[in-house]
Each structure stands twice: as C-alpha cells, then as structure tokens.
Amino acid sequence: MKKFDLAKNKGLKLTNALKQSHSERFGKSAEDAAPDRREQRKLDQAKGLVPFACKLNGELVARLQERAAGHPEGINGLLDELLRSALSA
C-alpha cells in the first residue's frame, strides 16, 4: 500500500473507534449506557419479546405517541396494554 493509503486507513480506524467508544461524558458512565443492539435483542428474547412490524395510519401513530409519552413503559408498554385489552374483549 502507498503511504497515503496507510494514513487514510489509520484515520478511518481512529474515526470508527471514536464513534464506538462510550466515554464518561456528561455524567454518563459505561454502566448507564444503553446496551447495543445484540445485547438488547438477547434481553428481549429472554423476556419473550418478538419484533413485530406493521404499517399504521399517520394520525393513529401520532395519537399513540402522545399517549405513550405519559406511559411508564413507553410505546411498547402502551401497545402491549391496548392489544391485550382489545383481544380479551
């Protein structure tokens, strides 16, 4: 490789390393950071959660997001609660 290519690759590695690192900035430590996608997927699987995607009307989504803002478990908890009550009725 040419000297320029080596320097470019080194810079790219450094840039990616900085993006991936979790520093203790602004009072957040590594323990407070959210788990990465793989860890989150394992946690969800342990809880028995399965990803489920569907398309909804924009007005309905806006209403769900408004109600989810006040829900303790967020939008996932709100949808779980609404679907359970609707299916049991």
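Student: What makes α2 "hardly covered"?

Tutor: Count its buried residues. Helix α2 runs over residues 37–47. Among its 11 residues, the count of buried ones is 0. To be buried, a residue needs under 20% relative accessible area. None of the residues of α2 is counted as buried, hence the wording.

Student: How do you know that Arg 37 is exposed?

Tutor: Arg 37 lies in helix α2. Its relative accessible area is 72%. The cut-off for exposed is over 50%. Arg 37 passes that cut-off, so it is called exposed.

Student: Which residues form the positive surface patch?

Tutor: Arg 37 is one of them, and Arg 38, Arg 41 and Lys 42 complete the patch.

Student: Why is it called positive?

Tutor: Lys and Arg count as positive.

Student: Now the salt bridge. What makes the contact of Arg 84 and Asp 80 a salt bridge?

Tutor: Set the distance against the rule. The nitrogen of Arg and the carboxyl oxygen of Asp must lie within 4 Å. Here the N to O distance is 3.1 Å. The distance is within the limit, so the pair qualifies. By this rule the chain has 1 salt bridge.

Student: How far apart are Arg 84 and Asp 80 in helix α4?

Tutor: They are 4 residues apart in α4 (residues 74–88), which means about one helical turn separates them. In an α-helix, residues three or four places apart point the same way.

Student: Which residues form the nonpolar patch on the surface?

Tutor: Ile 75, Leu 79, Leu 83 and Leu 87 do, with about 380 Å² of accessible area together. Take Leu 83, which is found in helix α4. Its relative accessible area is 52%. That is over 50%, so Leu 83 is exposed.

Student: What is the pattern of the chain, read along the sequence?

Tutor: The pattern is α-α-α-α. The chain has 4 helices and 0 strands. Of its 89 residues, 8% count as buried.

Student: Which element has the lowest mean pLDDT, and which the highest?

Tutor: Helix α1 (residues 3–20) has the lowest, 86, and helix α3 (residues 58–69) the highest, 94. For the chain, the mean is 85, and 85% of residues reach 70 or more. Where pLDDT is low, the predicted coordinates should not be read in detail.

Technical notes. Residues numbered from 1 in each chain as written. Predicted model: local features only at pLDDT ≥ 70, side-chain atom pairs only at ≥ 80, totals over all residues. Heavy atoms only, no water. Patch = residues over 30% accessible without salt bridge, like charges linked within 9 Å, V, L, I, M, F, W, Y side chains within 5 Å. Areas by Shrake-Rupley, 256 points an atom, 1.4 Å probe, with all protein chains shown as cover. Salt bridge = Lys/Arg side-chain N within 4 Å of Asp/Glu carboxyl O. Charge placed at Lys NZ, Arg CZ, Asp CG, Glu CD. Helix = DSSP H or I, 4+ residues; strand = E, 2+ residues; numbered from the N terminus. Buried < 20%, exposed > 50% of the residue type's maximum accessible area, 1.4 Å probe, protein only. pLDDT = per-residue confidence, 0-100.
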